[in-house]
Amino acid sequence: MSAKYAFTKTLRELRFRFCHSGEDSAAIRTFLLRAYPTMKKNNSSIPILLREASGTLPQVYARYEFGKERSKSLQGLTDKEIEEAVSQLVKNETA
């Protein structure tokens, strides 16, 4: 699993937004409980931010050098689909 979360050198920040209790965010909460420790252990210098707000739809943002930012909606995705989406964002800024 650790190779999946080898972040690209140009990644500066990874940010997750989701609802702390909503059904739409259940899969992202499950994913983060499982994957966050590994991501942080393998990329300790990169900020990984978790932003919980009532009624917020699940989304992930990746900020790269020079202020370039990409985002992906995680609404309706399963745990494994979220893992694939996050892996694409952290490995390649043009994904």
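Which strands does α1 lie across, and at what angle does α1 run to β1? In this predicted model, where local features need pLDDT of at least 70 and side-chain atom pairs count only at pLDDT 80 or more, totals for chains, interfaces and linings use all residues. Residues are numbered from 1 along each chain as its sequence is written, and side-chain values use heavy atoms, with hydrogens and water left out.

To take the question up, α1 lies across β1 and β2, running at about 155 degrees to β1. Helices (H or I, at least four residues) and strands (E, at least two) are DSSP runs numbered from the N terminus. Axes here are lines fitted to C-alpha atoms, for helices over the stretch in contact, and angles run from 0 to 180 degrees between N-to-C directions. Contact means heavy atoms within 4.5 Å.

Now for the sheet. Four strands make up an open sheet with mixed pairing, in the order β2-β1-β3-β4; two strands count as paired if DSSP finds at least two bridges between them. β2 and β4 sit at the edges with a single partner strand each, so one side of each has no neighbour in the sheet. On average, neighbouring strands are turned by 15 degrees against each other, direction ignored. Six bridges hold β1 and β3 in an antiparallel pairing, with Arg 17 standing opposite Gln 59 in β3. β3 is also joined to β4 (residues 69-73), again antiparallel, by five bridges, and Tyr 61 has Ser 71 as its bridge partner in β4. The hairpin of β3 and β4 has four residues between the strands, and there Phe 66 takes a positive phi near 65 degrees.

Back to α1, which bends by about 50 degrees at Ala 35, with Pro 37 following within four residues. The bend is the angle between axes fitted to the seven residues ending at a residue and the seven starting there. Buried residues (under 20% relative accessible area, 1.4 Å probe, protein chains only; exposed is over 50%, partly exposed in between) in α1 are Ala 27, Ile 28, Phe 31, Leu 32, Ala 35 and Met 39. Their cover includes β1, β2 (48-52) and α2.

Leaving aside neighbours within four places in sequence, Val 86 contacts Leu 14, Phe 16, Phe 31, Met 39 and Val 60.
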